[in-house]
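Subject: Structure handover

Hello,

Here is the structure you asked for. Please open it alongside this note. The findings follow below.

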Amino acid sequence: MTGITSLGAYIPTYRLNKEEIGRMWKAKGGAGEKAIAGYDEDAVTMAVTAAVDCAKKGKTANGLYFATTSAPYKEKQSAAIIAAAIDLDKTCRTAEFANSLRAGTSAMMAAMDTVASGSAEEVMVVASDCRIGAPKGRFEQLLGDGAAAFMIGSKDLIATIEGTYSITSDFTDVWRMQEDTFPQAAEARFVVEAGYVPTMKEAVSGLLTKYSLTPADFSKIVFPATDAREHADMAKALGFDKSHVQDPLFSQIGNTGAAAAMIMLVAAIEEANPGDRILFANYGDGCDAFIFRVVKGVLGFTMKDRMAEKVSIDYGTYLAWRGLVPTEPPAFPPRADPSFAARWRERSSVTTLKGFKCRKCGTPQIHTIAQGVRICIACQTKDEFDIYNFADKPAKLFTYAVDILQPTKNPPGVNGVIDFDGGGRLVCELTDCNIDKVKVGMPLEMTFRKMSQSKGTVNYFWKAKPILGANSPYRPSKRS
Amino acid sequence: MESIKDKVAIVGMGCTRFGERWDMGVGDLLVEAAYEAFEDAGIGPKDVQAAWLGTVFSGVSALAASGLGLQYIPITRVENMCATGSEALRAASYAVAAGVYDIALAIGVEKLKDSGYTGVPGPAILGDNPDGSTGVGSGYSAPASFAYLGTRYFDHYNIDRDEGKKMLAQIAVKNHQHGSLNPKAHFHNIITVEQAVKAPIVAWPLGLFDCCGVSDGAAAAIVVRADMAKNFKSNPIYIKGLAISAGARQGAMTQGYDYVHIEENVRAAQQVYAEAGIKNPRKEISCAEVHDCFSTHELVVYEDLGFSPRGRAKEDIEAGTFTLQGELPVNTDGGLKCFGHPLGASGLRMVYEMYLQLQGKAGQRQVKNPRLALTHNLGGGPGGGIGCCVVIGNEKG
């Protein structure tokens, strides 16, 4: 039996209130708010954080399937970046499932088959999306950012997959051409009446018929929709009572695209009791439907915890972060592009934040600008190191600087000297922190982020961020 | 290992007015500094047998000195970050001490204001990028890297924010007071503690007045064998010690470093005191020019150089120890604060002021009966830098 052995999710810290969008356009804003990837985040960085959340529970994967419609590259695999960042073995299989809001479940079904066939013991499926709605449009109100991750395996399951049913439909409802920044959509009623409703109904009834089940056999149904009204109407059409419908989180995080149903599934399983049966259907160019049976409870973070630390941003900040308005270039001189050769050479430090631990004196060390270490900085021993992972080590802020001059899309820049628990120090950028609450000694964790764009590529590295407790005071301050 | 002490003498020096010299190119600045030095030494350009040119950004190789029009003599460009000007003096002095040349020119220049922005560009550290060839640095500014010192110093010594800001402000106030007496300084304005404390923050706790200026400038020294110094002038100034200590980023990579001192400064000071035979720097040094790129740095330099005991610089600042009238005047010419920091020129500009002081030619800024004077630079910053100290004196022995 295959199923889910571990799961995780990531909701970015920032929120854009729908009234704030309405205020901008002198229109009625929708209800609630939507989650916004920070200025240094994208589908890949959010996927890494969700994958870390999933892998934290002591899991490692033999494969990684990444689902998104907003990969930073049209050509170059994001799954390989994510696999490297979370330090999967190079023999792991990676693949991208793209171009459809159904990509997450396509990846999940492929992972099931990979595991069932014995090709891999465990495959991680990560879905992450960061779609931008055209300013002033319906999608600007609706679309949010987020990521979810599942480990698919066959042993020690949290939830088993008891059945699946899929249909494919060549239906043009939402699309982006190669050159498009924003999704386009066909007429809303046409989309619902000719596409979404009949396709979902066909898949769900196909699943129920195939396994001789009725809605009464399920404690929860999890499915996506474009917006809250369509979601509510669909639940009714499928014959499910409101109380058995998983909250789509539209008013908290928005519609997170290819990640939306996957995030909802994480929440559903985390909230479920052992023995619960969950009907999961994901829509986009057809529909994938699943029956999950929850085997045991999940300990750890809940979706509510993940959404607890949030900071509202204003519309101008949102536009600047997404690059939707040109802004004045920094007063600093432009910096030379990083070297592809240097980044490849030092990939273990750059992508995985691995350093070195001296076999003679035991000092863990990593070069601040990610150069290799050949000579121990503490005892001068040459070439006698064990590789040492810093990415998973908590740290404390030793000293810091809030920098008005630093070129950043989220001024002022915050930088710190951070001391890792267990040894080692790094001078690095801090992110997602409230500058008024930054203080010497505060606990930090490492997070994979974008540093800058160069030569048309993304320059990813690690930053430190405050460790968020349920009542952590270290939230980013509202910037005006 | 022999000491450089009393083997080499400075017999001529020149220094341009520092500032936004829009109408002056690299060549103009070099000529202005060099010809003042030639005149001071009583020599002409044809007497110079070899030259060392310090610059970080204003040209590469010997051709950067082409504006001087020297005729086929050996010229070498040197670079040691913010200690570049001092490095030129070291190189020229060692060549003369080795007996290879009798008369050498050390000159430093930086033309920062052609770049079109305010601030010193981050020099390329490994590869062609200030963030390293991997490009993973956050691109934080120079003030930020020295803000680390202030934040940690306040925390380490339990100084509250207001008190700490006031302490730093007094350093800037002193340097502006000194700069107001110096026609060659970029800034001549006197400021108050209140002004400095209330100035816009650049990188907490550093406000505008905690940061040095950005300017163009050049300075030059003629160095000769000490035994022939009196042939040039009656009051030559002798090199007593030249020291450099280069860090390997130990402080930025290991937890031992406290960010309330600069190890490279301490090591360079120890070397230079040993070479110059100085046992008690606070008593024996008459005046000093130190690297006040940011007021947090001048603060820790007092302690690194042994002018103040660890953690006690605040008391000396408040007692006025480092003012012109104080026990050990520091940055008598106004410092980097009022001169700005054209990297290649700064080290030699500092030596120029100490040279004037030791010859009794510092005018309104003159300290009483100086004997030994120190200059100090730090390249890089806390966690990994180049500490540099020079001691000069007006008597042999």
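Which residues in α6(A) meet which residues in α7(A)? This is a predicted model, so please read the answer as such. From α6(A) come Val192(A), Tyr196(A), Val197(A), Met200(A), Lys201(A) and Val204(A). They meet Glu230(A), Met234(A), Ala237(A) and Leu238(A) in α7(A). By class, that contact has eight nonpolar, no polar and two charged residues.

Now the geometry. In chain A, helix α6 covers residues 188-210 and helix α7 covers residues 228-238. Their axes are 11 Å apart, at an angle of about 45°. α6(A) and α7(A) are therefore oblique to each other. The crossing is right-handed.

Next, chain B. Helix α9 of chain B spans residues 295-304. Of its 10 residues, 10 are buried, so α9(B) is largely enclosed by the rest of the structure. Among the buried residues are His297(B), Glu298(B) and Tyr302(B). What do the buried residues of α9(B) pack against? The partners, in chain B, are α3 (142-156), α4 (161-179), β6 (206-207), α7 (263-276), α10 (313-318) and β10 (372-381).

One of those partners is α7(B). α7(B) packs on α9(B) at about 40°, with the axes 9 Å apart. This pair is therefore oblique. Its crossing is right-handed. Asn265(B), Val266(B) and Ala269(B) of α7(B) make the contact with His297(B), Val301(B) and Asp304(B) of α9(B). Those residues divide into three nonpolar, two polar and one charged.

Gly306(B) follows α9(B) and has a positive phi, near 80°.

Best wishes

How values were computed: Residues are numbered from 1 along each chain as its sequence is written. Chains are lettered from A and ligands numbered from 1 in the order in which they are written. This is a predicted model: local features need pLDDT of at least 70, side-chain atom pairs count only at pLDDT 80 or more; totals for chains, interfaces and linings use all residues. Side-chain values use heavy atoms; hydrogens and water are left out. Buried means under 20% relative accessible area, exposed over 50%, partly exposed in between (1.4 Å probe, protein chains only). Helices (H or I, at least four residues) and strands (E, at least two) are DSSP runs, numbered from the N terminus. Contact means heavy atoms within 4.5 Å. Axes are lines fitted to C-alpha atoms, for helices over the stretch in contact, and angles run from 0 to 180 degrees between N-to-C directions. Angles under 35 degrees count as roughly parallel, over 145 as roughly antiparallel, 65 to 115 as roughly perpendicular and the rest as oblique. A crossing is left-handed if the near helix is turned anticlockwise from the far one by less than a right angle, and right-handed if clockwise. Ala, Val, Leu, Ile, Met, Phe, Trp, Tyr, Cys and Pro count as nonpolar, Asp, Glu, Lys and Arg as charged, and the others, Gly among them, as polar.
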